Structure formats: structure tokens, C-alpha cells
Amino acid sequence: MASGQIDIETIKAMLGLCDEDLVKPLPIPTKWSKPFWEAALQHKLVLKKCSKCGNIDHPPYMYCTACMADDHEWVEASGKGTLAAYAINIFGVPFPFWADLPYVVALIDLAEGPRMISNIVECDHDRLENGMELEVVFDDVTDEVTLPKWRPVDESRRG
Amino acid sequence: MGIGEFAIIGTGEVPCGNYPERSEFEVAYSVARMAIQDSGLDKNDIGAVLCAQHIMSNPDNDYNTEMVFGRLPEAIGAKGCKVTCMTSSGGASSYSIRKTAEGILRSGEADTVLVVHAQRFTQFTPNEQAKYFSIAGSDVEWEVPYGMTFNSLAAMITQGYMNYTGTTIEQIAAVCVACRKWAMLQPNAMFNHKEITVDKVVNARMVSYPLTTLMCNVLGDGGSAFIMTTAEKARKVCDRPVYFLGEGSNYSHRTITRGDVKDLDQMTTFTAPIAKEAYERSGLGPEDMDIYEIYGSYPVVNLMVMDSLGFVEPGKSGALVEAGETSPGGKYPCSTNGEAMSFGHSGTGVGFAMLVESVRQLQGKAGAAQVEGARFLIENCGGGAFMDCHFAVMGNEIPG
């Protein structure tokens, strides 16, 4: 898959972008999502589970979207999932992601039920397959932020 | 909800495309006058003026603030205006604003409502547009940090839909070709100069696999307007009113990860019941429709909506499109203005353009794109990251 990439420096000059325009957006946690990101920083994947009805909410909201209760616990997920669908970004992404092209964004079904959007990493793009088994890996993008990402369980698929 | 309680009696539209010198105010004032003149009414008959939200705001002269604070009735001299407001639900705005209009009509405060949409993307830099659209379709906390975009979301859904239904990339491309064929017949379409082929669409520059540039909609400046009134008044003042005969709606999610339906080949389990409700409420069925005005914005969405309309087996729409059945002259004319992909994507205006085209078709004013003898059609829109879906069965007569 040839990308025929335009260099980001060329784009920067052409559009008069400043360095700030190339800074990647990071998650800004809410009051109710903060524990998720704190756990990610410790390389743990956690999910918000309602103590009253057992519903798991991801993304988490202020109170349970099934029964509106406040009481909840953060449970550690198995870190296993499957690939529901994917896209390979080749061109025309926000400028901070230009240098990463080509990269995979995917819809991942967690073993616990919820779905996530994330990147598939360490994977040969030709060996992406719907339904393939995935495991979580943690990308420490800054000292304060870690993004959970996913890679194939099957080592022969890793690129 | 009564069958045929409300009607549209006039429309106006400006060409969609890159018009940096044509301000959104100019667009709004122009389409408002066109719609009023088309309806045959006097401007002072307008009792309420509703505006759709302008996508992105200009802090120096914000259209949204101006319209919320009553600029439009003053500017067009609508002396009889009693109510003005702005309504928005992204791509579904043509629906939600119409419901607002119906509420005002039903209240009895006004019997004629002017509804206006205007957009000018070209006042913003490519970087401003890129920034806005990186957050408009994706969740800022959970998706944007992964480099997710609107195109990647559509690409992902396309990938899943193709994998699960066996639809080919050529069939996906055929949707774009069909849209372009319709756009070629539309004077206001952004892309109406040059036909495209399946081969060209498939081999265009890859944006987000499996989508090429020609499978992605293009933003354009544009606008349109319509005049809505009660059926009772419509019959008195208009020789060809277009009635709303039956509707259905549902909401699914903000973020795709929380959609009501998980399997990408089963999206019809969400959309088909909505269409069914619209048909049932109108007393008509898919076989009675002369046109299917589908709002896709990406070819896969056109197919998913087609799958739910009852004239094709779910998952098989791609083959139907590939056979030319949805193109001009086909058995199932779909998206006759060329849709977001070839008409152009004017922000909250895609649904407006589709609705205005629906009215033109049923009034016999669709020019070269006219489907001969069109009496009934089903119109569709939806917004956000495929957050909702609306269908309306419309007709130029109320079935007895």
C-alpha cells in the first residue's frame, strides 16, 4: 500500500502551521473517567462497573447508564479482545498524526463486553483480519498519559 | 400524528461548492427570498423564521449568534414574524428543525414557517477545518487521541460491512458513480461537470483503507430554504403542496462504540424498523415509492439505508446499485441530487438539500433530474457519527 506521503514539513510551510498545530491531542479526563487514565498509567486496563446492577459502562459516565446509581467499582479487565472492524489511515488525517501514517484505527470488542476505539500496533497490515484475537499493550505517550492500544495475540501476525 | 397534516409549498437553493466571497448571510437572505417567491406567498405572511446552525463559528461575525438573536426576520423584512430560533442536530437538522416548525404550526401561533440553512466553510483555514472535523465526528477523550477521523469511522464501517455481507469494493464505488450520474443533472451540485467510473473511484488516492478520496464526501459552501405550512393552508395557496405522510425516528449513540447494534452487517435491525414505521404511518409501502432520497454521506451508509427500505434483501444493495438500478433511468431512483458525495457536504445542509430535492421532485420542478410522474417518495437523514436515523414518506397527494 503505497502512501505517496507529503512531508509534514512541506505541509507546515504551505499552510503556515505552528509547532502547536502539530501537538497530538491527549485525553482530558473527566471526574468520572480519571480512574481509567490513572490505571492506564500503571499499565492496567480498568472498567467502571455499577455496584448496584453490575452494568459496565465504557466510556464511563457520571452515573450508571443502566440504573442511574452512583456506586461503582473499577474492575481490572482481562486485556483480551477481538477485532470487529478496522481502517488503515493513509492520508488526510489531522496534522499531528501525519508522521504516524500509515496507522490502524480499529473497533475492538473487549472480552468483558464493551467496545473501544484504539490503534492496532505491532501488526503486519496485510495480516489484519476481522475477528482476530487481540491483547492490550500500553503506550506511554507522555509522562502523564498512557494510551491502551492493541496487538495481535498471534505472534505470526506481528509486523 | 395525522397523515398529511403539514406541507412544504416552496423551496430555494444556491449552488454548493467553494464560494469564499459569498457570505453565509448572503446565502441565508438569498435562499429565504427564493423560497418565499417560489411559494407565491407574501413575505409578511411568514409567522416564524427558523435557522439551522452554521457548522463552525467565526468569532468576528458569528452567524449563529446573529441568527439566534433575530437577524434573519429583520434582514428579509418578515414583518409578520412572531417566533424565531435556531435548531440543530448536525446532519439530522433538516428533521429536527422541521419538527420545531411543526410544533409552532400546531400551537396555532403561526401558520407559515420559513426554514433556512446557510454554510460557508471557505472562511476557515484548512487547519481550522481539519481541527473541527477531527472532533466533530469522534469522541475527544476516547477516540481523537488515537488519530480517529470521520473518514476512518466510515472506513471502518465499510470494512466491516464488506467483510460481513460480501459486498465488493466495486459495489461501494458504484454508489459514488450513481450519485455522480444524478449530480450531472443538477445545476446546484458541486460536482456536475465530469462523470466518474467504478475504476476511477477504486483507483483514486487511498485516504483511509478501504476508502479512496472519491468515496469520501467533500465539504462545500451552500444553503437552502423551504416554506412549511399546515395542509389546510397549503391547499388554499399552492397548486402543488408536498405533504408529510408518515415518519419514523430513532437515536442510537454519540460514540460508535456504544451503538445500539453491534454487528456491522445487522445495522438494518436499527434502521429497518424506523422505515417500517414511516411506511405504516403513511399507509404506503416500499412498492409505492417512486424515489428513495437516502442521505448517506459515505457510500456504505447509502447501502445500509437501502438495505432497510424494503425493496432489496439486506446486504444485497451493492449488487442493485452496481446494476444501475438506483441511477437515472433505473427502477429504484436513489438520492437524486447526487447526495453529499457529489452534491457536496454543506455541514448541517446535506439533509436540507435532500429535503428540498424531494419537494422539487414531487412538485415536478426537478428539471433534468425529474423522475417522471413521481407521486410518493421516502426521504432520510441522520447526524453525528451515525447517531440517529429519520425517515419521512412524502407525497404530492394524500393517499385515500
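**View 1. Ile88(A) stands opposite Tyr209(B), a residue of strand S5 of chain B.** S5(B) covers residues 206-209 and is joined to S4(A) by 2 bridges. These strands run antiparallel. Two strands pair if DSSP finds at least two bridges between them. Strands (E, at least two residues) and helices (H or I, at least four) are DSSP runs, numbered from the N terminus. This is a predicted model: local features need pLDDT of at least 70, side-chain atom pairs count only at pLDDT 80 or more, and totals for chains, interfaces and linings use all residues. Residues are numbered from 1 along each chain as its sequence is written, while chains are lettered from A and ligands numbered from 1 in the order in which they are written.

**View 2. Chain A meets chain B through 36 residues of chain A and 32 residues of chain B.** Residues are in contact if their C-beta atoms, placed from the backbone, lie within 7 Å. On the side of chain A that touches chain B, strands S4 (80-89), S5 (103-110) and S6 (115-120) of chain A each supply at least two residues. S4(A) gives the most, with 6 residues.

**View 3. Helix H4 (residues 93-107) and helix H14 (residues 349-363) of chain B pack with their axes 7 Å apart.** The angle is about 70°. Axes are lines fitted to C-alpha atoms, for helices over the stretch in contact, and angles run from 0 to 180 degrees between N-to-C directions. H4(B) and H14(B) are therefore roughly perpendicular (angles of 65 to 115 degrees). Ser93(B), Ser94(B) and Tyr95(B) in H4(B) meet Gly351(B), Phe352(B) and Leu355(B) in H14(B).

Key
Two residues are in contact if their C-beta atoms, placed from the backbone, lie within 7 Å. Angles under 35 degrees count as roughly parallel, over 145 as roughly antiparallel, 65 to 115 as roughly perpendicular and the rest as oblique.
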